[in-house]
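Please read them with the structure open.

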Number of protein chains: 2
Amino acid sequence: MPATLRDVARLAGVSASTVSRALSLPEVVNATTRARVRQAADQLGYEPNKAARGLITGRTGNIGLVVPDLANPFFPSVMKGVQARARSHDVAVFLADTDEDAMAEAGLVRALAKQVDGLILCSPRATDDELAAIAQDTNVVLVNRVVAGVPAVTFDNEGGMRQAISHLAALGHRRIAWVGGPATSWSSVQRELGLRTAAETQGVELVPVGQFAPTYDGGVAAADQAVATGATAVVTFNDLVAIGLLARLHTRGIDVPGDLSVVGIDDIAMAGMSRPALTSVRLPKQRAGEIAVDLLLALLDDPDAALGPRTLDTLQGELMVRDSTAVATR
Amino acid sequence: MPATLRDVARLAGVSASTVSRALSLPEVVNATTRARVRQAADQLGYEPNKAARGLITGRTGNIGLVVPDLANPFFPSVMKGVQARARSHDVAVFLADTDEDAMAEAGLVRALAKQVDGLILCSPRATDDELAAIAQDTNVVLVNRVVAGVPAVTFDNEGGMRQAISHLAALGHRRIAWVGGPATSWSSVQRELGLRTAAETQGVELVPVGQFAPTYDGGVAAADQAVATGATAVVTFNDLVAIGLLARLHTRGIDVPGDLSVVGIDDIAMAGMSRPALTSVRLPKQRAGEIAVDLLLALLDDPDAALGPRTLDTLQGELMVRDSTAVATR
DNA sequence: CATGATGTTGCAACCGATTGCACACTCGGT
DNA sequence: ACCGAGTGTGCAATCGGTTGCAACATCATG
């Protein structure tokens, strides 16, 4: 039903090849024919068939985006950035949600890989080796994960954690609990590392209370253990966990920030809406999505660019102080 | 790099056509050759190129999903359903976020339409006429919107609103404010209609307080006007608005549910996490996504099915009573 | 006026699949 | 021994584009 290259050619009275060139390499065809072709093209509302073009050029004009869980607001934010940037480059986005399942992730990546020019893997659950293998024969950009040799955009976990610790230390907290994320989460490891060094230099004590699901329920589950540490402040793997923790503390009658200060990470929209409003490290999520697209597109244009220095972009976080942190009372 | 049909053919010592048939019409090729082909195929890890197949069959095996705003948790929920169902049918999903912009929506729909077998339009902002026009030459399934002649899955707004009103009426509320959504929102209109008739039959008064953005900020903006109506309860267009409203009420020192009861719609995850936890009408969002895919796939198999009776699926909502509603004190 | 450089266009092959049609072969019946 | 039906396979066209190469026209130059 939609107009094809040949339809345009017929209407313009030229050959298909001329139409193709008039549209993609304008300088090589005579000005008057070019005009005639252009006019015929938009008279017919012609738009090239991406699949057909992709068949011969090897470029589909599509990219894939893989996220672990759409229910975590962190990912929609990144997606929004990806969407926006992709659209402005006239690139379409395939989406896949792996449901936090490493197996499903592998399958989806394989399935998607053949249909796209490149993949953006957001907080992937796969191992470093698996990711390196994928990056071998597919163009890949990682978000929130670092694997040697693979371009990535990440957040400055160390800097963010330092801000959090400094803030708490300044409020007089000396013993701070850390509610970690899943063991397979790269960023959880990074954040704990960042906290450790920050705590050390600031002279405060860091008490890890284990690993929890990166969800509201994970936070609920972690609350009691966090309290039991005797710490006067808690830093959680992400905001969702912090909000779950807040809820459990509330039902237990523990006042935040009176009895306990809580700091989240991510600064999802919900952080500003919780009660008390959550102090959190804002991560430029949308920006990360945009940069990931830029990186990927650059990689496509020049496959060797993967080795360049600009292939690891680290975005700074910013502590948003709200109402869940206050001076230590103990 | 990946193996092609001809690679398999060469390895199996047959022609390309035989390979194609062996894989898609197994019964038509001799059992022994079929086995040989199969073995060659998975020795090479062969998987057909969807684009090439689509070129000739006219079916891409991809569907498109268009949503107004990824930042509203309602949509990721629907997407999750779409994802899951699409994956189980071996269909890939293109995603587009229109940013609540009707113009962008039109453009994205047009761009996507040519790359997919069909489109799922979630709470589209376009007019009925525009949607009907799109459905004319594209396979379309609507979610949360009804347009004559276009298959759709919707929520039973009337039933949901009746439950909300009954609940509030039973608590003694006689004057209930309604915070509407955007004027272009079909579901806002439906919900107001549902509230109207429910209010009438229950003998309570409904006071509309205007139209607001379907966001947290919209709720913040609506709060004061809602209070000014003198109503003892408020129903909002969706949960995000309700939560914004809750926040503003809190800063004004108005107690919920003591001074004012609040009911949201959607029952996003956040509803259970707010303080007070929000009474809300649960809509089976994920289920809606799944059904939309089923509807679309059925439509593809039989284009005439669009006219059948099973093309309008209405999902029931369920009132989740939490802590934001209580007996009227005035 | 022959020559070559330059600019513009068309032909035809190709990307990786699917499919209508024709051909080859087997086998049972006469 | 021959014919017809029935199976199984291959040839070649096709989908909608792109691109190397050749053909042609034009024009300035020697």
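**Notes on the chain interface, the DNA surface and the fold**

1. Start with the chain interface. In it, 35 residues of chain B are in contact with 34 residues of chain A. Contact here means that the C-beta atoms of two residues, placed from the backbone, lie within 7 Å. The model is predicted: local features need pLDDT of at least 70, side-chain atom pairs count only at pLDDT 80 or more, and totals for chains, interfaces and linings use all residues. Residues are numbered from 1 along each chain as its sequence is written, while chains are lettered from A and ligands numbered from 1 in the order in which they are written.

2. Which elements supply the chain B side? H4, helix H5 (74–88), strand S2 (92–97) and helix H11 (239–251) of chain B each give at least two residues. S2(B) gives the most, with six residues. Helices (H or I, at least four residues) and strands (E, at least two) are DSSP runs, numbered from the N terminus. By class, this side of chain B has 22 nonpolar, six polar and seven charged residues. Ala, Val, Leu, Ile, Met, Phe, Trp, Tyr, Cys and Pro count as nonpolar; Asp, Glu, Lys and Arg count as charged; the others, Gly among them, are polar.

3. S2 (residues 92–97) of chain A and S2(B) run antiparallel, over three bridges. Pairing requires that DSSP finds at least two bridges between two strands. Phe94(A) has Phe94(B) as its bridge partner.

4. Next, DNA strand C. It is surrounded by 25 residues; the closest are Ser17(A), Asn30(A), Thr4(B), Ser17(B) and Ser20(B). Helix H2 (16–24) and helix H4 (50–57) give two or more residues to this surface in chain A, as do helix H2 (16–24) and helix H4 (50–57) of chain B. A residue is near the strand if its C-beta atom, placed from the backbone, lies within 6 Å of it. The surface divides into 12 nonpolar, 11 polar and two charged residues.

5. Domains of chain A: domain 1 covers 62–155 + 285–315, and domain 2 covers 157–283. The bounds come from an automatic or database domain assignment. The C-alpha centres of the two domains lie 28 Å apart. Nine residues of domain 1 are in contact with 13 residues of domain 2. The domain 1 side divides into three nonpolar, three polar and three charged residues.

6. Last, a sheet in chain A. Six strands form an open sheet in the order S7-S6-S8-S9-S10-S12, with mixed pairing. Strand S7 (205–211) and strand S12 (318–320) of chain A are the edge strands; each pairs on one side only. Strand S8 (residues 233–236) and strand S9 (residues 261–266) of chain A pair in the parallel sense over three bridges. Val234(A) stands opposite Val262(A) in S9(A).
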